[in-house]
Amino acid sequence: MFAALTIFLNVVLVLTSAFLILLILMHKGKGGGMSDMFGGGMSSAAGSSGVAERNLNRITVGIALVWVVVVVLLGLATKVS
């Protein structure tokens with residue numbers, strides 16, 4: 001039973017990790033950092049609207065919370081088995 005749960009949690013962890021990386025890369029750069037080095041400062045006028053940025057923030061926080069829960073559950077499943 002724990003083997004199937006561990007496999008499922010590992011799959012969910014990989015998927016949420018990849019999706020979280022993509023979501024973080026979609027955020028608009030605030031300037032002054034690595035984003036300026038790669039051209040992020042030039043596109044500040046063509047950035048997303050406030051509503052889209054807020055929705056992206058909410059989705060990113062939601063996926064990050066799912067990722068944390070999966071990591072904790074995977075640790076507990078590993079400890080118990």
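Trp 67, Val 68, Val 69, Val 71, Val 72, Leu 73 and Leu 76 together make up a nonpolar surface patch with about 560 Å² of accessible area. Patch members have over 30% relative accessible area and no salt bridge, with like charges joined within 9 Å and nonpolar side chains (Val, Leu, Ile, Met, Phe, Trp, Tyr) within 5 Å; a salt bridge is a side-chain nitrogen of Lys or Arg within 4 Å of a carboxyl oxygen of Asp or Glu. Accessible areas come from the Shrake-Rupley method with a 1.4 Å probe, and for residues only the protein chains shown count as cover.

The model is predicted: local features need pLDDT of at least 70 and side-chain atom pairs count only at pLDDT 80 or more, while totals for chains, interfaces and linings use all residues. Residues are numbered from 1 along each chain as its sequence is written, and side-chain values use heavy atoms, leaving out hydrogens and water.

The protein contains three helices and zero strands, in the order α-α-α along the sequence. Helices (H or I, at least four residues) and strands (E, at least two) are DSSP runs numbered from the N terminus. Of the 81 residues, 16% are buried, where buried means under 20% relative accessible area, exposed over 50%, and partly exposed in between (1.4 Å probe, protein chains only).

Helix α1 (residues 2-26) has 25 residues and spans 36 Å from its first C-alpha to its last, close to the 36 Å expected at 1.5 Å a residue; the expected span is 1.5 Å times one less than the number of residues. Its buried residues are Leu 9, Val 12, Leu 13, Thr 16, Leu 20 and Leu 23, and α3 is included in what covers them. An α-helix has 3.6 residues a turn, so residues three or four places apart point the same way.

Leu 9, Val 12, Leu 13, Val 70 and Leu 74 form the largest nonpolar core. Such a core is a set of buried Ala, Val, Leu, Ile, Met, Phe, Trp, Tyr and Cys residues joined through side-chain atoms within 4.5 Å. The largest share of this core, three residues, belongs to α1. Beyond its neighbours within four places in sequence, Leu 13 is in contact (heavy atoms within 4.5 Å) with Trp 67, Val 70, Val 71 and Leu 74.

Ser 17 and Ala 64 lie 47 residues apart in sequence, with their C-alpha atoms 8.5 Å apart. Val 68, in helix α3 (residues 50-80), counts as partly exposed because its relative accessibility is 42%.
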